[in-house]
Amino acid sequence: MTVSRTPAEVLAESRRRDSRTKRQRVLAVVDQLLAQGDPVTFAAVARTAGVSNWLVYADGVREHIDKARAQQASHPARDRQSAGTASTASLRTDLELSRTEIRTLREERDRLKAALQRSLGQQLDQAATKDLVARIDELTSHNHELSTQLQQVRQDNSQLQQRLEEAEDDLAAARTSLRRMIRDESRESSR
């Protein structure tokens, strides 16, 4: 026979199951951090386990984290010092290797820069003699053509101006003549 449960009971059971799962995940993360030698902190445990901060401070979980932190704090100082010395020596070696590599790269850069400058200088010298003389001749010829065209345009402009003045004079004369004709015609018709 099955016992009928209310929705509130089903929800409460679901919450309890979820809480147990999260607590187990937090405890597993604490053990994992200890095994890896990573520092155990409340924030690190919450972040790694993917739970809220209040859960890591809850009863039953907090004690486990405090115990792991105390265990990490009790490691012999000698272990930390030997790791630090190896790390310092390793860092010094890396620094010296980096300095050597930087020195080598700078020398190579300087060599390449000098080679490029020499190559560009040679190209400019070769282009400067032959090509520049040809370009100067071309520009001089083009300048002479433009000067000739300008002189021709000025002459044409002068001729056109003269023709315009003559046309204006002819027009003024024609108007004067037309006025006389109209005046004469109007006098004869009024008689």
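A helix here is a DSSP run of H or I that holds at least four residues, and the helices are numbered from the N terminus. I keep in mind throughout that this is a predicted model.

Entry on Glu138 and Arg135. Glu138 has a relative accessibility of 48% and so counts as partly exposed, while Arg135, with a relative accessible area of 41%, is partly exposed. I then noted a network elsewhere, in which Glu13, Arg16 and Arg20 are joined by salt bridges that share partners. Returning to Glu138 and Arg135, I find that their side chains meet in a salt bridge, at 3.1 Å from N to O.

Entry on the other salt bridges. How many salt bridges does a search of the whole structure find? The search returns six. One that I looked up joins the side chains of Asp18 and Lys22, with 3.7 Å from N to O, and these two residues both lie in helix H1, which covers residues 7–36, four residues apart or about one turn of the helix. Asp18 counts as partly exposed because its relative accessibility is 39%, and Lys22 is placed in the partly exposed class at 31%. I also looked up Arg109, which forms a salt bridge with Asp110 in which the closest N and O atoms are 3.1 Å apart. For Asp110 the relative accessible area is 41%, so I list this residue as partly exposed.

Entry on the charged patches. I looked for surface charge next, and found a negative patch that is formed by Glu165, Glu166, Glu168, Asp169 and Asp170. I followed up on Glu168, which lies in helix H5, a helix that runs over residues 77–190, and which counts as partly exposed because its relative accessibility is 48%. Which residues gather in a patch of positive charge on the surface? They are Arg175, Arg179, Arg180, Arg183, Arg187 and Arg191.

Entry on Gln72. Is Gln72 buried or exposed? Buried means under 20% relative accessible area, and Gln72, at 17% relative accessibility, therefore counts as buried. I place Gln72 in helix H4, which spans residues 62–73, and I note that a polar atom of the Gln72 side chain lies 3.0 Å from the backbone nitrogen of Val40.

Entry on Ser4. I looked up Ser4 last, and its place is in the segment before H1. With a relative accessibility of 68%, Ser4 counts as exposed, because the exposed class covers values over 50%. I also checked Ser4 against Ala115, and the two are 111 residues apart in sequence, with 91 Å between them in space, C-alpha to C-alpha.

Methods: Residues are numbered from 1 along each chain as its sequence is written. This is a predicted model: local features need pLDDT of at least 70, side-chain atom pairs count only at pLDDT 80 or more; totals for chains, interfaces and linings use all residues. Side-chain values use heavy atoms; hydrogens and water are left out. Patches are made of residues with over 30% relative accessible area and no salt bridge: like charges are joined within 9 Å, nonpolar side chains (Val, Leu, Ile, Met, Phe, Trp, Tyr) within 5 Å. Accessible areas come from the Shrake-Rupley method with a 1.4 Å probe; for residues, only the protein chains shown count as cover. A salt bridge is a side-chain nitrogen of Lys or Arg within 4 Å of a carboxyl oxygen of Asp or Glu. Lys and Arg count as positive and Asp and Glu as negative; His and the chain ends are not counted. The place of a charge is taken as NZ of Lys, CZ of Arg, CG of Asp or CD of Glu. Buried means under 20% relative accessible area, exposed over 50%, partly exposed in between (1.4 Å probe, protein chains only). A polar contact is a pair of N or O atoms within 3.5 Å; within protein, one must be able to donate a hydrogen and the other to accept it, and residues adjacent in sequence count only if both atoms are side-chain atoms.
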